[in-house]
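Please read the following note alongside the sequence and the model. The points go from one residue to the chain as a whole.

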Amino acid sequence: MNICLAGAGAFGVKHLEALVRIDGVRVTSLVGHKRVPTEEVAARFGIAHVAIDLGESLARTDVDAVILATPTQMHAVQALACLDAGKHVQVEIPLADALAGAEAVAAAQQRTGLVAMVGHTRRFNPSHQWVHRRIAAGELHIQQMDVQTYFFRRRNINALGQPRSWTDHLLWHHAAHTVDLFAWQAGEIVAAHAMQGPLHPELGIAMDMSIQLKSASGALCTLSLSFNNDGPLGTFFRYIGDTGTYIARYDDLVDGKEQKIDVSKVDVSLNGIELQDREFVAAIRERRAPRASVADVLPCYRWLDRLERQLAADGA
């Protein structure tokens, strides 16, 4: 399978490192924002074709599918371009930065019948898969999830500390992970509320946010997000269930007494990005809908839209 990767930044490299581990997959084209650094990444991974225009790569016959690791604001438009060009597409989270874009991609997937998937990595991390299997087996019922998503990002920089050409967003990017995960683990969301702190004077985004969710089962989720946290960085999940408490820190999982749980046998890798890329490839080969398909995750974006409108009304 021949894949084009669009986005040669920090997260694009994570995908390139994952794709080299999947048999029968070859990255034939790399699209970046600036040619020289994109060529450097391409040389590192042995990619023959480099472009700074996605359309150039979509016109190639040696591209079967595209992975988009580009700025958030480009995701929906680029996903539509991929589907219109007859290419399967995996969009890094978030699918869009507004509901209209997400729904347009969902409609295009239905129209074309192509595989369209979103990078909701938490569905693939072995730690969260382990918890999900216990829930599916009826061995655990979630009562509450307590989640902290913390970064120190008072300047517009990426995960490597480099200047970023676009602005990240706590609600449409980072909250999307947990809103979708909560629904996947605890069932359909029936209520949500959000509060946010002051907007950054230059970036124009809230630097701190709190979100509360409730599922149809009665389970609760409390999500705290911050770009102001000068401390341990990342996202930390506490699952409080009727038969146990579990704490997930990326791909590590412990119980409520900090006893480590072995998740090495949950899947073929401990790398969540690799596992989501494997699912994307497998869904194309098997001609089926992938886990975290656009249709699967669309309810998450409808709730993000509700929360955005509630925050706007509260600030009016």
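Leaving aside its neighbours within four places in sequence, with which residues is H33 in contact?

1. H33 is in contact with T38 and I52, once neighbours within four places in sequence are left aside; contact means heavy atoms within 4.5 Å. The model is a predicted one, in which local features need pLDDT of at least 70 and side-chain atom pairs count only at pLDDT 80 or more, while totals for chains, interfaces and linings use all residues. Residues are numbered from 1 along each chain as its sequence is written, and side-chain values use heavy atoms, with hydrogens and water left out.

2. H33 lies in the loop between β2 (26-31) and α2 (35-45). Helices (H or I, at least four residues) and strands (E, at least two) are DSSP runs, numbered from the N terminus. H33 counts as exposed because its relative accessibility is 63%; the cut-offs are over 50% for exposed, under 20% for buried, and in between for partly exposed, with a 1.4 Å probe and protein chains only. From H33 to A51 the C-alpha distance is 8.6 Å, although 18 residues separate them in sequence.

3. Strand β6 comprises residues 116-119. A116 and V118 point one way from this strand, M117 and G119 point the other way, and all are buried. In a regular strand the side chains alternate between the two faces of the sheet.

4. Strand β5 (residues 88-92) runs parallel to β6, and four bridges join them; strands pair if DSSP finds at least two bridges between them. Q90 stands opposite M117 in β6.

5. The largest nonpolar core has 99 residues, and those touching the most other members are L54, L68, I142, M145, I211, Y301 and L304. Helix α7 (residues 170-186) gives the most to this core, namely ten residues. Such a core is a set of buried Ala, Val, Leu, Ile, Met, Phe, Trp, Tyr and Cys residues joined through side-chain atoms within 4.5 Å. With neighbours within four places in sequence left aside, the contacts of L54 include V31, V66 and L68.

6. The protein chain has nine helices and 13 strands. Its radius of gyration is 19 Å, close to the 20 Å that the globule rule gives for 316 residues, so the chain is as compact as a globular protein of that length. The radius is taken over C-alpha atoms, and the rule is 2.2 Å times the number of residues to the power 0.38. Of the 316 residues, 54% count as buried.
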